[in-house]
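Here is a short report for a reader meeting this structure for the first time. Keep the sequence and the 3D view at hand while reading.

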Amino acid sequence: MMKLNYDCLHDLLLLLEEELTSGEHITLDELKQKLTKYSGQDIAYTIKKAKEAGLVEATWLSADNDDNEDGVYYCHCTDLTYDGHCFLNCIRNVSTWEKIKSATKKVGGKSIEVLIEIAANIASNAFLS
């Protein structure tokens, strides 16, 4: 069973914001070269879950065999969604990101939806202080 690596999600969103320009895309192989502290499986799974959560626009084809380490034949990301940009704005600051991860562990959150809700609450509280 795969587990979502929150740090991989954080770094993926930051990289996509930095690298993507209108009409361009970045492939899974390119992401593996840039996000070297994560496995190909972590990156592919993170893209898949980020797409399911509506944070990124991505396309992939699954491999029909197990020769490919991450079960993906081809994948590319084309954009951050509006929700992806909003979430990234909440988690961009490193100290805020650490608070969000800590709060997520305390409540036992395992989904991106929980992470998004916690991030929004912490960002909102920081803004109001």
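This is a predicted model: local features need pLDDT of at least 70, side-chain atom pairs count only at pLDDT 80 or more; totals for chains, interfaces and linings use all residues.

## Helix α1

Helix α1 covers residues 6–19, which makes 14 residues. From its first C-alpha to its last it reaches 20 Å. That is close to the 20 Å expected at 1.5 Å a residue.

Look at the start of α1. There, a side-chain oxygen of N5 comes to within 3.0 Å of the backbone nitrogen of D7. Y6, C8, L9, H10 and D11 are buried.

## α1 against α5

Two packed helices are described by the angle between their axes and the distance between the axes. Helix α5 spans residues 94–107. It packs with α1 at an angle of about 150°. The two axes lie 11 Å apart. Angles over 145 degrees count as roughly antiparallel, and α1 and α5 are therefore roughly antiparallel to each other. The crossing of α1 past α5 is right-handed.

Which residues make the contact between α1 and α5? From α1 come Y6, D7 and H10. From α5 come W97, K101 and T104.

## α1 against α3

Helix α3 runs over residues 40–52. The axes of α1 and α3 come within 10 Å and cross at roughly 75°. Angles of 65 to 115 degrees count as roughly perpendicular, so α1 and α3 are roughly perpendicular to each other.

On the α1 side, C8, L9 and L12 make this contact. On the α3 side, D42, I43, T46, I47 and A50 do.

## A residue in α5: T96

T96 has its place in helix α5. Is T96 buried or exposed? Its relative accessible area is 15%. Buried means under 20%, so T96 is buried.

T96 touches C90 and I122, leaving aside residues up to four places away in sequence.

## The whole protein

The protein has six helices and three strands. From the N terminus on, the elements run α-β-α-α-β-β-α-α-α.

Of the 129 residues in the protein, 38% are buried. Consider next the contacts between residues at least 6 apart in sequence. Among these, 62% join residues at least 24 apart.

Notes
Residues are numbered from 1 along each chain as its sequence is written. Side-chain values use heavy atoms; hydrogens and water are left out. Helices (H or I, at least four residues) and strands (E, at least two) are DSSP runs, numbered from the N terminus. The expected span of a helix is 1.5 Å times one less than its number of residues. Buried means under 20% relative accessible area, exposed over 50%, partly exposed in between (1.4 Å probe, protein chains only). A polar contact is a pair of N or O atoms within 3.5 Å; within protein, one must be able to donate a hydrogen and the other to accept it, and residues adjacent in sequence count only if both atoms are side-chain atoms. Axes are lines fitted to C-alpha atoms, for helices over the stretch in contact, and angles run from 0 to 180 degrees between N-to-C directions. Angles under 35 degrees count as roughly parallel, over 145 as roughly antiparallel, 65 to 115 as roughly perpendicular and the rest as oblique. A crossing is left-handed if the near helix is turned anticlockwise from the far one by less than a right angle, and right-handed if clockwise. Contact means heavy atoms within 4.5 Å.
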